[in-house]
Each structure stands twice: as C-alpha cells, then as structure tokens.
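Have a look at the model first.

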Amino acid sequence: MSFQIRPTRPADLPAITAIYEHAVRFGTATFELEPPDLAEMTRRYQGLMDEGFPYLVAADGDTVLGYAYAGSYRARPAYRFAVENSVYLDPAAQGRGVGTRLMQALIEESEERGYRLMVAVIGDSANLASIGVHRRTGFEMVGTLQNVGLKFGRWLDTVLMQRPLGEGASTIPQS
C-alpha cells in the first residue's frame, strides 16, 4: 500500500471525523458513546494545534487512511513533558502497516518537540491490533485498569502502555 505521512490540514478534518465516527459507533478503542460532529472535531484539532502538538495523517493522494496525534497526558504542569497518543484508521486501511508508520512518525515528531514520555491509553484489553502497534513501536505494558468503561452493554478495560522519548528520564530538560 502506497501512502505518505504528513501534517494534518483543515481539509482532512471531514475524513478524520468519518474515521472517528466509525470508531465510536462500532469499536471499543474509544469510550465515547456519541460521535462528535465536524465542528467539535475541528475545535479539538485547533486546540491541539494552538498548543503545538503533532497531528498527522496517512494519506494516499487526497484519501485519508488514518490519523494520529499527541496531546497533553494530564493538565498539571509537572506532566508537561509527557504526551498521550491517539491513532485511528479507516477500516479499509487496517492491517496494512499504516498504524505502525503513523506511530513511528508521531514518536519522531514528539521527540523533536522535546517530549520525554509517550503514554498510550488503549480502550479494551481485547484490542490486540492497537496493543501490537504500540509494542512494535517500542511501548511497554505498564498496567490494565479493569472494567472502567461500559460500552455496547459490556464492561471494558483500559490498557496502559508507555515509551520513553528522546533522552527519556535520563536527564532533566532545561525548560
């Protein structure tokens, strides 16, 4: 499959909204129950851009195959060097290496911006595809929060994984 990884553009947001809508309606990777509309997805995108976080798409020409972004892990200032990632793919692009390449690019972008740790909060411990993408890109399992979400009439776990970025915790950043 031929595709490129590039920064997200506002014109990509309708496709991103459709990909996320499918994930909300049919999947357990996200614990949202109602898909946000384009206006809300645009607001979320703009918030990440305003804060200087990376937001990438995998695209085959004008067709968005998937997207990934990093955002604040937590709001408190002590967490400022840690980011949480999100990655979602169009169902037709799954199982073709798109997620792994998106994660690799997101890791590189996050390192270039000075972040030291990336956290993955993966919905559903049965989400083996996402767990696999994270393992392939250097994440380690750090825990499972059992039965923390209720979706589709069943209790879901949240899997926590993490990976150091750049120098990780081996040095103290200057800023």
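Predicted model: local features only at pLDDT ≥ 70, side-chain atom pairs only at ≥ 80, totals over all residues.

Residues are numbered from 1 along each chain as its sequence is written, and side-chain values use heavy atoms, with hydrogens and water left out.

**The sheet**

Helices (H or I, at least four residues) and strands (E, at least two) are DSSP runs, numbered from the N terminus. Seven strands form an open sheet in the order β1-β2-β3-β4-β5-β7-β6, and the pairing is mixed. Two strands pair if DSSP finds at least two bridges between them. At the edges you'll find β1 (4–7) and β6 (140–151), each with a single partner strand, so one side of each has no neighbour in the sheet. On average, neighbouring strands are turned by 25 degrees against each other, direction ignored.

| Strands | Sense | Bridges |
|---|---|---|
| β4 and β5 | parallel | four bridges |
| β5 and β7 | antiparallel | seven bridges |
| β6 and β7 | antiparallel | eight bridges |

To find these pairings on screen, start with Ala82, which stands opposite Leu117 in β5. Val121 has Leu160 of β7 as its bridge partner, while Gly149 is bridged to Leu156 in β7. The hairpin of β6 and β7 has two residues between the strands, and Phe152 takes a positive phi near 55 degrees there.

**Helices on the sheet**

Contact here means heavy atoms within 4.5 Å; axes are lines fitted to C-alpha atoms, for helices over the stretch in contact, and angles run from 0 to 180 degrees between N-to-C directions. Helix α2 (residues 38–50) packs on the sheet by touching β2 (55–60) and β3 (63–72), and its direction makes about 55 degrees with that of β3. Helix α3 touches β1, β2, β3, β4, β5 and β7 (154–164), with its direction at about 155 degrees to that of β4.

**Helix against helix**

How do α3 and α4 cross? The axes of α3 (residues 98–112) and α4 (residues 128–136) come within 9 Å and cross at roughly 45 degrees. That makes α3 oblique to α4, given that angles under 35 degrees count as roughly parallel, over 145 as roughly antiparallel, 65 to 115 as roughly perpendicular and the rest as oblique. Gly99, Thr100 and Met103 of α3 make the contact with Val133, His134 and Arg136 of α4.
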